[in-house]
Amino acid sequence: MSLTQDVELAQFGFSEPDIHRALGTIKVRDVDYADLYFESRVSESVSMEEGIVKRAAKSVSQGVGVRATAGEKTGFAYSDELSSKDLALAAETARYIANSPQGAQPVPVASRAKPARDLYPADRPVTDIATAERVHLLNLIDAEARRYDPRIVNVMASFNMEYKRVLVATTDGLLIGDVQPLTRLQVTCIAEEKGNRQIGSFGGGGRVGFAYYQEKNRYADYAREAARQAILNLSAVEAPAGVMPVVLAGGWPGILLHEAIGHGLEADFNRRKTSVFSNLLGKRVASDVCTIVDDGTIPFRRGSLNMDDEGTPTSKTVLIEKGILRGYITDRLNARLMGIPLTGNGRRESFQSVPLPRMTNTFMLAGESEPQDILRSVKRGLYAVSFGGGQVDITNGKFVFSASEAYLIEDGQVTKPVKGATLIGSGPDILTKVSMVGHDLKLDEGIGTCGKDGQSVPVGVGLPTIRIDEITVGGTQ
Amino acid sequence: MSGALQTTQDLTQLASDLLARAKKRGATQADVVVADGDTFSVQVRLSAVDRLTKAREKRLGLRVFIGHRSATASTSDFSTESLERLVADTCALASAVAADDVSGLPDASAMAKELPDLGLYDATTLSTDMQIELARRAEASALAMDTRITNSEGADFNSASGRVVLGNSHGFLGDYRSSTFSVSVSPVATDAGSGGMQRDSWYAVQRKYAKLDSPESVGQEAARRTIRRLGARKVPTTKGPVVFDPEMAGSLLGHLCSAASGYALYKGTSFLIGQLGQKLAPDFVTVYDDGLMPGGLGSRPFDGEGLPTRKTTVMERGRLASYLLDSYSGRKLGLVSTGNASRGVGESPSVGPTNFYLVPGAKSPSDIIGSVKNGLYVTELIGFGVNMVTGDYSRGAAGFWIENGELAYPVEEITIAGNLKRMFADIELIGSDLEFRGRIASPTVKIGEMTIAGN
């Protein structure tokens with residue numbers, strides 16, 4: 001295993017006196033804190049459809065984001081020109097929010113640091129993998145999916161990889177960098193039978209190299225799984241409508257926690273008291289079988305980071321402990337203003353955006369029930385195995401998420417597949433209705449992307465099999 | 001922050017240089033997009049500045065064809081070494097992928113010849129303090145509307161202006177400037193009895209500053225929309241008519257637009273496959289995509305491949321009259337591009353709308369609500385429960401229950417479900433209230449029957 005590669009200021013064309021000067025310009029009397037975020041990113045993608053890999057794209061970007069905070073105010077500027085002149089201009093702009101534009105304050109000389117651990121050691125940049133190897137993998141996927149069933153009429157697949165170097169310099173003397181690889185393989189199949197067309201998708205990834213997809217023939221599993229879902233949907237019936245018990249399978253259905261609970265516990269909404277969870281710290285918000293954490297420290301996961309985008313080490317934060325609301329997830333601004341612990345959740349999409357408190361990997365810890373017993377306990381309900389996306393309105397707590405693979409449960413047995421089921425519920429209410437939690441905790445495959453304030457960041461979710469006693473299912477029947 | 005590049009002439013020169021370099025590296029065809037622009041945004045919350053952002057950005061994208069193999073690449077680094085590497089990398093990528101018989105630039109003879117001035121650019125520059133003040137005024141008028149407005153997620157004012165240059169190896173070289181100004185407010189209201197909170201928002205966006213609604217009117221509308229949601233409850237599961245307000249009807253139209261995209265059609269991911277010329281909706285349903293609308297938020301003098309933009313009839317009296325196509329998806333389907341190539345700087349073109357809208361009818365929104373005995377008026381939809389392959393539709397909704405032709409009470413935590421094909425066929429009434437607030441716009445629409453899931 002290699003240690004985290006060093007990210008040096010010199011890679012961005014700057015020296016320590018340059019950043020000292022820029023931070024010094026910003027640090028005037030009213031400014032509490034300022035930071036510089038240098039980023040360089042190379043991403044590449046190849047995609048296949050109709051049996052041929054016909055598209056390849058590469059994108060290179062670099063720049064610096066300059067931020068100053070004064071009380072609740074944030075001033076922010078960014079530049080995709082990495083010159084001393086542009087950095088100085090950005091610094092002038094960022095400090096506009098201060099009431100005392102004159103006179104600089106001293107900032108400590110930065111002491112260079114590396115994250116204390118390496119959660120995603122990469123021997124070499126993931127983008128060094130030859131395009132030909134990626135093209136070959138996508139061709140194998142096409143063949144595997146079509147071999148699964150002759151009713152598979154189209155296969156689309158794409159492989160994306162990104163290699164990002166970041167460096168954070170702050171007015172309290174922090175200078176720390178990280179190298180963050182990220183890859184993802186996605187497969188979509190279209191099945192057709194007598195004019196009935198259906199879609200199935202599957203994918204996975206993480207902060208892993210290309211070899212991950214070849215280990216244990218993972219790529220072939222993805223292809224078969226996408227094909228299986230598309231074929232399954234050919235026989236799916238219309239989803240039921242109304243309130244009923246729902247069993248969620250482990251893994252990706254953990255998106256429920258992300259939408260129903262996670263966003264509502266992000267510190268910015270709670271500082272502003274616009275979240276439905278604002279006044280519920282220490283209160284019961286879930287049944288006592290529910291313990292939920294946000295953990296950015298799991299090796300190789302899509303949502304994991306050695307440090308967040310403010311240079312704080314990520315951590316494992318208990319959000320709900322046996323049903324009691326225990327904590328919020330924070331970035332520096334909100335932790336400071338609220339006087340609560342810094343959890344290492346300050347994340348940003350790129351140098352062009354400000355950090356916000358964001359989730360990393362959010363999941364429920366395993367319980368004690370047998371998954372089979374959970375299913376057997378339901379007389380008539382829905383068993384949801386896989387989902388598309390979800391969304392929440394954090395002010396009233398209403399969230400939805402849509403099933404891409406679900407079945408009816410009749411007399412404790414999983415029966416017909418259903419299509420088009422959307423679940424809708426209320427955040428502070430839904431986990432009080434979780435009556436059984438399985439011992440089979442599973443994390444998702446590594447495909448999640450979370451949107452907030454126009455910024456997308458990679459995240460992970462996880463869940464054991466759980467029973468929700470009642471939730472509204474939006475089908476047509 | 002001023003970059004090294006200052007003028008449109010510099011950008012066109014850069015585009016020409018890159019095309020020449022690509023040719024030298026073996027590209028048989030190529031095109032280049034260069035974009036740069038300034039953005040400013042301020043968010044004010046409870047009258048104080050919350051966040052202020054300012055930047056100048058630039059980006060360049062190159063697409064090369066080596067015979068029928070193609071690849072794209074983009075960068076924000078315009079240094080000579082970086083551009084040399086970009087050209088080499090793009091050509092290497094193109095050599096590594098498979099040949100695709102229908103790939104290539106549009107025909108040289110089809111390129112846009114005249115570039116109409118569509119009124120997309122406004123040189124007005126507003127001072128930082130002025131923009132802060134506009135956001136403050138918008139929020140203040142929302143906060144002053146009603147004592148039940150107790151909090152705010154803030155008000156934003158944004159301004160942006162930029163240039164786009166597109167050049168290709170046919171010798172086409174076009175450019176245009178554009179600008180946008182926008183203001184939005186998100187108030188939070190609290191119900192005195194239950195303590196429950198609701199949020200809603202309103203916004204205005206225009207290419208010309210002088211046309212922007214006053215910040216006060218935006219703030220007041222945001223407050224009105226927020227307050228009316230207080231006390232929302234669930235309704236029993238039922239079937240009934242659903243009236244979509246213009247914003248939500250616009251989202252339905254957006255699904256039609258995605259399904260009419262040439263890419264969705266040839267890949268088999270659209271519920272409109274094989275429907276060209278078919279009657280899909282009643283006679284009073286006509287949909288246009290008009291790229292030449294003066295001052296339109298989706299207007300442009302040429303598309304992402306340099307083809308002239310135009311007005312396309314997508315649905316004519318209920319009949320699907322045209323798909324939306326660029327030259328690649330057109331060739332795949334044996335059709336001609338409709339000038340709808342949409343191109344992010346670093347991507348291959350895809351299809352996107354220009355100004356895509358449903359032609360208004362004669363009824364006022366209150367007439368439409370008045371036509372419903374028992375049903376739902378939808379003002380908000382959340383979630384992603386739309387299957388574009390089948391048209392199956394199931395989304396979270398909030399709005400108002402209609403009783404005897406009147407909005408009776410607010411509702412939430414419900415879903416509406418149906419199938420988009422059936423929903424378009426089941427359009428009963430179209431309102432007179434068309435307003436453009438984006439690339440896709442619709443008046444109020446009433447659908448005959450959908451499944452509404454609640455208690």
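Which residues form one aromatic cluster in chain A? They are A:Phe159, A:Phe202, A:Phe210, A:Tyr212, A:Tyr213 and A:Tyr222. Some notes on the rest follow.

1. Ground rules. This is a predicted model, with local features needing pLDDT of at least 70 and side-chain atom pairs counting only at pLDDT 80 or more, while totals for chains, interfaces and linings use all residues. Residues are numbered from 1 along each chain as its sequence is written, chains are lettered from A in the order in which they are written, and side-chain values use heavy atoms, leaving out hydrogens and water.

2. Aromatic pairs. Rings of Phe, Tyr and Trp (its six-membered ring) pair if their centres lie within 6.5 Å, with planes under 30 degrees apart counted as stacked, over 60 as edge-to-face and the rest as tilted. That rule gives 22 aromatic pairs over all chains. Take A:Phe12 and A:Phe38: the ring centres are 5.6 Å apart and the planes are at 35 degrees, so this pair is tilted. A:Phe12 lies in the segment before helix H1 (16-26) of chain A and A:Phe38 in strand S1 (residues 33-49) of chain A, so the pair ties together parts 26 residues apart in sequence. Helices (H or I, at least four residues) and strands (E, at least two) are DSSP runs, numbered from the N terminus. A:Phe12 is buried at 3% relative accessibility, and A:Phe38 is buried at 0%. Here buried means under 20% relative accessible area, exposed over 50%, and partly exposed in between (1.4 Å probe, protein chains only).

3. A tyrosine pair in chain B. The rings of B:Tyr266 and B:Tyr328 have centres 5.9 Å apart and planes at 65 degrees, so they go down as edge-to-face. B:Tyr266 belongs to helix H6 (residues 262-267) of chain B and B:Tyr328 to helix H7 (residues 327-333) of chain B, so parts 62 residues apart in sequence are tied together. Both B:Tyr266 and B:Tyr328 are buried.

4. The interface. Contact (heavy atoms within 4.5 Å) involves 75 residues of chain A and 80 residues of chain B. About 6,000 Å² is buried between chain A and chain B, with carbon and sulfur atoms giving 51%; that area is the accessible area (1.4 Å probe) that two parts lose on being put together, summed over both. There are 13 salt bridges across the interface of chain A and chain B, a salt bridge being a side-chain nitrogen of Lys or Arg within 4 Å of a carboxyl oxygen of Asp or Glu. Strand S2 (residues 52-70) of chain A gives the most to the side of chain A that touches chain B, with 11 residues. One salt bridge joins B:Asp89 and A:Lys58, with the closest N and O atoms 2.8 Å apart.

5. Salt bridges elsewhere. The whole structure has 71 salt bridges over all chains. In chain A, A:Glu144 and A:Arg147 meet in one (2.8 Å, N to O); both lie in helix H3 (residues 131-148) of chain A, 3 residues apart, about one turn of the helix. A:Glu144 counts as buried at 15% relative accessibility, whereas A:Arg147 counts as exposed at 59%.

6. A network to look at. B:Asp245 and B:Arg225 form a salt bridge (3.5 Å, N to O), and both are buried. Salt bridges that share partners place B:Asp245 and B:Arg225 in one network, whose members include A:Asp393, B:Arg199 and B:Glu380.
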